[in-house]
Amino acid sequence: MSRSAARACRTPRALALGLGIVAALGSGALGCDDAEPPSFPAIPEPEQALRPESVRGVIPEQAHVVDYWIDARLDERAHEIHGTLRMAWRNRTARSVDRLPLHLYMNAFRAEDSAWMADARGSHRGQNLARDRWGFVDVSRVSLLAHNPAQPRIVLEQTPSQPGVPLRFGEDAEPSTMTVTLPEPVGAGESVVLELEFTTRLPQVFARTGYYGDFHMAGQWFPKIGVLEEQAGWQAHTFGLFSEFYADFGDYEVFLDVPSDYVVGATGVRVGEEAPSEGRKRLHYRAQMVHDFAWVADPNFIEHWGEYEGIRIRQLIQPKFVDDADTHLEAQKLALASMEARFGSYPWSTITIVHAPEGAGGAGGMEYPTLYTTSNIADSPLPAWVLRERITGVFTTVHEFGHQYFQGLFASNEHAQPWLDEGMNTTANQLVYWDAYGDDPWVVELLGHPLTTKDLIALSMLFGADRDPIDQPADRFDPVVESYGAVTYQKTAAVMLTLRELCGRAPWDRAMARYAALARFAHPNGALLERVLVEEIGDERGRLAMVGDGGPGTVWLDVQDYLDQGLRGAALPDFRLLAVGNRRALGDAGWHRVAEGEPLPPEPPQAVIATQRALAGLFGYAPPIGPSGLTRSETPGDWNTKVAALDDDRVEGFVVVGRRTSFRMPVEVLVEFGDGERLTLVWDGQADHHRFDFPGRRVTKAIVDPRMQVLLEARKLDNAAWAKDAADPPAEPLSGWLGDMDEAAALAVLGGLGI
Amino acid sequence: MDDTLATPLSPGAATVPPRKHPRRRTRVFAALRRVLVAPGFVLAIWVANLLAAKLLAGPGRAAARAGMRDWTWFDDGHRIRAVVELLADEPAIAAAISSSVVSAAVVAGIFSLLAAPAILTRLDGQRSLAWIVGAVGRELPAMLVQTGYSLVIRAVCLGLAGACAAGLGPRALPLILLLVSFPVLALDRARAAVVLDDARPYHPMTMLRAVGHVALRPLWWLSGTVIETLKLGVVIAALLLLIEAGPSPISIWVARAAGLAAVILSLWRVALAVEDRGANAP
């Protein structure tokens, strides 16, 4: 074959090889595109929004404050919602009010200088507001339909026979709230019925609510009345970056007019559907004893179904992530199992999990009553033996469901005490993991090395957690300080779980069950939680004996003092092993005065004394003869022997533990001795430092907080050490490991690139 | 398998005029034999690698040790947490480690330039140290120029690989490996042409011919890609094993052994070009 002929043969061969590879890859890459989106057998809509009373318990009548009837139409092209709202509000307090504050949360996204946007500067959790895609809510009319002196049954669904009395209303200086002025005060026990017309334009979603393409997430989309508290009066806070929501419980009847091809999910249950016009459908939703109503619509949703103890679990998921639905469902069931056991029954009959599409990640990770948005599970190309994780997506599902209790069912004031929702929920999330996978399970496992729930909390607190106290209103956190997340979420969880570990878990679990029972539909505050914790964990004086039976030497944990430091102080506890070592045991060599009443030692003969003095003078040492009132003990033969060479019973081990911050609390110290025995002690943590002495025992190593009970202590590298004089201590493993990795990486680069 | 070498492996072989190949077969195992018959040379390169790596990793190791001060970490169940805490609180450690890896890359680049003529000469059968060292001095400017040309090819191939990765994701891995290996093989070929076949040392056609040469020999391209992939696999596996095993005196030696394997595989890849000497020479 000639050279050119050979080349001619080779060229198509090479080309064929290349094309073959490309074709193989291409078919793999594109092969799924033609597949039909899967569908799953549906579970029927529950008939009632609430579970049976025998399961959920009795809901106190006092908790029922406000009912809403809303008729809304989605203009999917303009991304606007046009609505009419009727609201029946009951004054459950002894106060009389002549104005009603309403939240206009969507106005947070109206302009750059709203309180929310001023803090956020157009960005939320890494998502940015698209240029000129502002959102707002505009109220065009407010009428008073009724003012009832008593509390008659108000039928909001019925169109009033007469137009209402127009009311004076206006946005406040900060447009996320407005005030409606009433013609006459609403007294204790009275109620009013208002009708409002409003238009809400959704922003392009970057912070919880908004649209992205056909996806519409309508959260905080309608005017919502504030909460009238007996002591503090109206609670209607300006919507800020960190302040979430606070509202009263009631029933909702909501009609949604949307395009007929849209799949809709909403708070509560769907009780009706009709077709008002070509290409539209009108859905009727009912929610009972909730404090908010949110809904989502997207023609691309795939519905996935599950059930747990009669609770319907509906997922609205994007086709691309439909394979993850079972994982989310499993996480949801684990969360339900753990939380029902710990915090009581989930009262509603349904839960809807929403998966935002790609590009609308800002909508993910938000809770609404009986509905929440989660995030997607990370698609890792690494095999499971390299990387396993149960955090992306799964943790969001567990966390957002947890809010169904702390935000949805208890409904504390998230503006005044954000930790009571976010922080306590984060605490509960850890326990979901513990209940599901065992004590302190891994959330990420990299090449067999676990990163556990405790580790994750600690690492989250490395920076920022000591910049602010936990128990403060949301608007007290400065976004530039970057402390809100670490303080409100992880630090709160660390405060609670540390207390749980220190008290032996059962008392804390008991306290939380009691708190949950008191908090259901009750707008609890932090004081209630603290009181319950102190009562359940502490003795009659609120103290817990860590060591001892109450007598001398008992190490106490003052529960209220601990909570005061943990919740209202910025500092985190930080212990340090200041010294670990051994020294010569204290003996009695040398001269001692003879105690009164004891016989003097016999005086040696003068000749002996003279000889000893002469010898001492000759060789230049002090004679072993002293005054008659002193007696001398022999200096041991190993006086000049190094401590490392002394027999174990001739040394005195010591461990010095220090406290580096103002946070005072007890901590365990594990000491290992030369004979292999281990001893766990407890230091009360009150002084700046404390030394433990072990006469006659050689210490080989010590570890502060060996069981990692103090989750609040983020930094633990300085908690363990070998004794300084330990015979041949092994090289420090962690730094050695890092050094080896460095060397191996350098070697890989040299061997890989060098030739 | 053809177990005869393209050129004799005896001293003074370089003085023998290169034999023109009637056929352009890629003799993969003959190339490997060229490497295996030079164990001293292989070991010398490996030891040099070991010393360089040890030296380069010194600051990172020292920084980590200093960061731990008198304390130690006993808890094997929370090692990732400890490493993250250490790196977060002592950023000098991460800086030292990344600087040592970057330094290793720079050293590797310089070594690649300096050692290429010596490696090619030795794999061609030349055993005279003076001749080998002399080749380094003689060919260094040409190596620089050809390497410069190869950077253009490399940029194009990396761009294509990036496009494949963006378009196809992990499925594109084989294609990416083929594309990433291509400029390496072309550079091997161009260097071999200059050092062994007296190709024009500074002319871009030497590199272009090498590009065509590799492109038209799918078995070479594929073999070279497989060897490069193996090398990558070995060093990554060693690194993963070291991480997986945790602190252990043995695992660093596994990594060092992987370094030896990487050297052998690299030389094998270069030997493919030596094995094909004479082809497309000017």
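Which residue of chain B forms a salt bridge with A:Glu743? That partner is B:Lys54, with the closest N and O atoms 3.7 Å apart. Keep in mind that this is a predicted model. Here's a quick tour of the interface, then of chain A itself.

**Where chain A meets chain B**

- On the chain A side, 67 residues are in contact with 78 residues of chain B.
- Putting the two together buries about 6,500 Å², and carbon and sulfur atoms give 71% of that.
- A:Glu743 turns up again here: along with A:Leu717 and A:Ile755, A:Glu743 is among the three chain A residues that lose the most area to chain B, together 13% of what that side buries.
- Between the two chains there are 6 salt bridges, and the rule picks out 21 residue pairs in polar contact across the interface, both at pLDDT 80 or more.
- Several elements of chain A give two or more residues to this side, including helix 1 (3–30), strand 31 (575–584) and helix 13 (733–753).
- Helix 13 of chain A gives the most, with 21 residues.
- Sorted by class, the chain A side has 40 nonpolar, 10 polar and 17 charged residues.

**Chain A as a whole**

- Chain A has 13 helices and 39 strands.
- Its radius of gyration is 35 Å, whereas a compact globule of 755 residues would come out near 27 Å.
- Along the principal axes, the C-alpha atoms of chain A fill a box of roughly 130 × 105 × 50 Å.
- Buried residues still make up 56% of the 755 in chain A.
- Of the contacts in chain A with a separation of 6 or more, 72% come from residues 24 or more positions apart.

**Salt bridges inside chain A**

- Over all chains, the count comes to 68 salt bridges.
- A:Arg141 and A:Glu195 pair up at 2.8 Å, N to O. A:Arg141 sits in strand 6 and A:Glu195 in strand 10 of chain A, so the pair ties together parts 54 residues apart in sequence. A:Arg141 is partly exposed at 26% relative accessibility, while A:Glu195 is buried at 9%.
- A:Arg510 and A:Glu536 form a salt bridge too, their closest N and O atoms being 3.1 Å apart. This pair links helix 9 with helix 10 of chain A, 26 residues apart. Both residues belong to a salt-bridge network that also takes in A:Arg514, A:Arg531 and A:Glu535.
- A:Glu668 and A:Arg707 meet at 2.5 Å, N to O. A:Glu668 is in strand 35 and A:Arg707 in the loop between strand 38 and strand 39 of chain A, so parts 39 residues apart in sequence are tied together. A:Glu668 is buried at 12% relative accessible area, but A:Arg707 is exposed at 52%.

Technical notes: Residues numbered from 1 in each chain as written. Chains lettered and ligands numbered in written order. Predicted model: local features only at pLDDT ≥ 70, side-chain atom pairs only at ≥ 80, totals over all residues. Heavy atoms only, no water. Contact = heavy atoms within 4.5 Å. Buried area = accessible area lost by both parts, 1.4 Å probe. Salt bridge = Lys/Arg side-chain N within 4 Å of Asp/Glu carboxyl O. Polar contact = N/O pair within 3.5 Å; in protein donor to acceptor, adjacent residues only side chain to side chain. Helix = DSSP H or I, 4+ residues; strand = E, 2+ residues; numbered from the N terminus. Nonpolar A, V, L, I, M, F, W, Y, C, P; charged D, E, K, R; others polar. Rg over C-alpha atoms; globule rule 2.2 N^0.38 Å. Buried < 20%, exposed > 50% of the residue type's maximum accessible area, 1.4 Å probe, protein only.
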